[in-house]
Amino acid sequence: MKWIDYENAKTVDEAIKILSQSGGKARPMAGGTDLIVQLRNKDPRTDADVVVDIKDIPDLNVLQCDPKTGLTIGAAVPLYKIYNDDNVKKYFPAIIDSASLIGGVLIQGRASFGGNLCNAAPSGDAIPNLIAHNGIATIAGPNGTRDVPVEDICTGPRQTSIGNDELLISINLPVPAAGFGASYIRFTPRNEMDIAVVGAGVSVNISEGKFTAARVSLASVAPTPIYVENAVNALVGETVGDAAIQRAANAAREAAKPISDMRGTAEYRKHLCEVLTRRALNAAIERAKEGK
Amino acid sequence: MTSSDSTDYKVLGTRPIRHDGADKVTGRAIYGPDFDTAGLLHGKILRSPHAHARIISIDTSEAEALDGVMAVVTGADWPNNSNGTSMVEDGTGTEIESNSNWLRENLLAGDKVLYAGHAIAGVAAASPHVAEEALALIEVKYEVLEPVLTIQEAMAKNAPILHEGLTTQELGEDSGVVSNTADHFQHTKGNIEKGFEAADVVVEREYNTVMVHQGYIEPHNGTALWNTDGRLHVWCSTQGSFVVRDSLSDLLDIPVSQIRVTPTEIGGGFGGKIPIYVEPVAALLSKKTGSPVKIVMSRKEVFEGSGPTAGSNIKIKLGAKSDGTITAAHAWMAMEAGGYPGSPVGAAAQCVFAAYDIENALVDGYDVVVNKPKTAPYRAPGAPNAAFGMEQAMNELAEMLQMDPIDLRLKNVATEGTRRVDGPTFRRIGAKEVLETMRDHPHYQAAKTEGHGRGIAIGFWFNIGFDSACNIAVNSDGSINLTEGSTDIGGSRTSIAMHAAEVLGIPVEDVRPSVVDTDTIGFTAVTGGSRTTFATGWAAYEAAQDVKKQSIERAASIWDVDSDTLNMEDGVIKSKTDSELKMTFKELASQMSDTGGGITGRASVNPKGVGGSFAGNMVDVSVDDETGKVTIERFTCVQDVGKAIHPSYVEGQMQGGSAQGIGWALNEEYFMNDQGNMANSSLLDYRMPTSLDLPMIDTAIVEVANPGHPFGVRGVGEANIVPPTPAIANAVSDATGNIMTQLPLTPGAVLDSGK
Amino acid sequence: MTTKTHVQTTINGEPVDFLCEPRQSLLECLRDVVGLTGTKEGCNDGNCGACTVKLDGRIVTSCLVLGVEAQGADIETIEGVAEGTNLHPLQLAFLENAALQCGICTPGFIVSAKSLLDQNPNPTEHEIRFWLANNLCRCTGYDKIVRAVQDAAKKMQEAS
């Protein structure tokens, strides 16, 4: 690895100061499970001279789950803390879907949702799920903080709308309305330690047998995880049942613009979008019915 | 099942704790990358980004000028004795002559690079990071050429040529034709035209497989010190320290007497650590710097710059009578050698029909160079590719004949006296017993779960003999120190120690086995070819017999009787005639010094009594009909092992070979882009099975004693990787109704097979 | 630039200081600086688990931790698993069940499995397989490894 400097920021202000003064050559690091590999592999998209460790910043380590205020996940909170949290398990069970399948147990000791989002891989397993949960990212910069819907963060493979001098502080999920259920399902050839060929994150709100709201998002089928409006439109206002689910699944397949690569052909991925969206919707509906 | 002997062994067949166990569960064992010595420099290797290119120039000046860089070497640093030949292992354990220049050029390129990952230059520096920075400063100018990436492309007319000097050997004669086909050979038995005429049914199909890697967890590594006295000392993880020594002698043009190779503990090999890669580069760097130089490959280098096994294009045609008798068989097989000639097609051709007694057979083999890494041995090299075709064709034949697939195989099974298509006649083998064990096994007898598919297959692999040496020194407390030269890659030093313990009638805990360096033991061939427990075990047997004989003679001299009147059993030397005259081996050992000095036994063997091994699999799978994903629900491995010396480690070989075969069948592949760059050169994207991808792997040990070994041993390391790919393909076919003609059976491929 | 950082840690219960460059991983520091070579490198990108160590109570791949990050950290490596000359029940179970062949992955598996049993003394086969899926073994097919963990769990429960 080329030479890097290491800074351990203790506050948000300190981190932003270092980021601002590094001419775009500083990178925040939480678990480092993507960043260190990219630096080691000389990834041209990760051209950094300075690594800013943000794990000691209190604001980025908040994990607060409250049925009245929602879920706040600090940007540096490692995955294992998320899936071991009793309140998250109780009130946001679908969040566990993503937290427990990124990497393996060893990676989960370090990796974070914040890192997964900022890394902006098309296959990021947290991202469709956060989109399905109406996640809002809180970002701090030299001029204060701003809130951005998660679906507006990723702008391209490993590119985000977060500035070089900005820092993701947390991701905030609002309190779900009644009749809410969500699910994230991905398809991988191996059962663990794999990258999604396709991932589908969905949520539904069900009232009196109808979908009153829905969110559908896909990973690994476009340069960024995508929000699939047509799939949502196929659900909202419709009776909960196979017909609406299939229309939404078909819309997901149509919205996907995948490439062919070592993980699967474009055609196969489009097919999987249909299968996984359907399966994820059925799982989300089950959770909605169980009141989870 | 034991169909052999009922010999009452005291040590063989027990499951002692391995002698190196404590070191290996506490982190104390020293593997190659763990080796350290004063003044150590770190080396890194520059590799080609192009799959096929001419090297116009290499400028190392900037790299040499970097702070901390001590030396840079390139192909120009090889000694200048061209046109030499070297002996290399061909994958069956046989040493064959190869072009020394090719070997050198594969390790540090000459005027061409032949695959992405081809080594070009080595750098030694004070730290691995500085060495790596220096690589980026080496300027190589290339003339990029069109890459040839598949057998079909390589054999096409007007294909780009990898080696302008390579002409096809056509049935043993130099054809004079420049091409990418290095060799075409045939094995013939009977007359296949007549055989096919006599057939009631014929099956014919083409199969394709792609390059896969051995996947050992420890990367290639080596440390070299070219000392001021001209002696070269190398420490490395290798399957054969003497192969390293002899290869270094050829490549560096120095006598073997000037080279000492110390084998460290080794973190897996499966054939891939028979060839050398970084050792000679480290040696050249050490010669330039006067310091010891260590090189450890990265995982990416392991994938791109070491030796995987071949992808293949295989056509199988079988004809049979309606009663199931196979009347004719033809195999056409072309296999990727990688950048230089030497694919495992030779072994594949020997193995493809080996399980069956077929009257009329023809095998065509083609060794084809492509712009991918030079292949190296991988566990039964070539045989899994061959079996993937042959054993699926057998199942197709069984279905046409409406026969049980095991019954069809039993109908045609090879037995003692069967002549293989490549010439040799089998001695006592256990193919029939393996099939019978499968047929009667609870797995095969159990009803299939609704929706699951079931497949079976069998496979063959040779054993080899070759040189092994063993020394035994008796300690005064009656224990023995056993030294041998076979790299212990999976518990073999204990199996070898068990041979000596059995002979001497002492507990195996009283044997202290050590794997030692090339200065310390007689020539010992590679840990490969399923030979280690067979041949080095035999050397231990002979060395222990030597100790036993000397012990009896010593007792005879102490008692002043004729040694013929004594024998030694269960560690006690006693008179056949006088019941008063007896002494334990321990007692004798305590008196050695006073009665003529220490006792040491020794043996060097080259055993000829090799017996091949057959393995069979039964596998149940489920297939997700929407995604195509295959799940292994139940897996059973049956293998004829001759005599299981240490059954736990025999089972371990069977389970390990099975798991590698499962990975090969389902997900493993070199995924190359159209420029010939490997897209998945990490352990994330090269998907070897994790613990969550496999079920428990059931084993059934069959013991048909090998009459060519004093304890009936057959080598067990390799045959078990032969049947998994076809057994799984047959199971997936059973579940989906579609024939699987290519590997790997990725979810997308399985789903597409129905189209 | 190019100055080394002084890092103070506790390794296997003992205070250990070392100097490292920020680009050096904790794995490199353990192996090349501190001299604890029991922790192995298989891939250097977090996918094989040969470099598993416990860092402040949580198992991680030490190749994906910078040495400088370990300032003040409590680290447990394979060298700290046995108590004096007494092997840990997992180490014994790996030997008795022949759960290693080449042994290169073994330190990682033992450190991982120990952390599993510390928090889940009686795991199911699936829980064991899930937990260990970040540790690759190429020799054994995992059968005997899973059995060794089951065996150790049973013996540890009987002993407690």
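Visitor: Which residue of β13(A) stands opposite A:V204?

Guide: Ground rules first: this is a predicted model where local features need pLDDT of at least 70 and side-chain atom pairs count only at pLDDT 80 or more, while totals for chains, interfaces and linings use all residues. Residues are numbered from 1 along each chain as its sequence is written, chains are lettered from A and ligands numbered from 1 in the order written, and side-chain values use heavy atoms, without hydrogens or water. Now, strand β12 (residues 198–207) of chain A runs antiparallel to β13(A), with nine bridges joining the two. Within that pair, A:V204 faces A:A214.

Visitor: In the turn of the β12(A)–β13(A) hairpin, which residue has a positive phi?

Guide: Strands here are DSSP runs (E, at least two residues; helices are H or I, at least four), numbered from the N terminus. Two residues sit between β12(A) and β13(A). The one with positive phi, about 50°, is A:E208.

Visitor: What is the bridge partner of A:L218 in β14(A)?

Guide: β13(A) also runs antiparallel to strand β14 (residues 226–227) of chain A, and two bridges join them. That's just enough to pair (at least two DSSP bridges). This hairpin has six residues between its strands, and A:S220 there takes a positive phi near 70°. As for A:L218, its partner is A:I226.

Visitor: Why is β13(A) largely enclosed by the rest of the structure?

Guide: Buried means under 20% relative accessible area (exposed is over 50%, partly exposed in between; 1.4 Å probe, protein chains only). β13(A) covers residues 210–219, and it is largely enclosed because, out of its ten residues, the number buried is seven.

Visitor: Over in chain B, how many residues of α11(B) are buried?

Guide: Just after this helix, B:Q402 takes a positive phi of about 55°. α11(B) itself is mostly covered, and its buried residues, out of 19, number 17.

Visitor: Which strands stand at the edges of the seven-stranded sheet in chain B?

Guide: The sheet is open and its pairing mixed, in the order β3-β7-β1-β16-β13-β14-β15. An edge strand has a single partner, so one side of it is left without a neighbour in the sheet. The strands in that spot are β3 (69–74) and β15 (259–263) of chain B.

Visitor: And what is the bridge partner of B:H42 in β16(B)?

Guide: Strands β1 (residues 41–47) and β16 (residues 293–296) of chain B run parallel, with three bridges joining them. For B:H42, the partner in β16(B) is B:K294.
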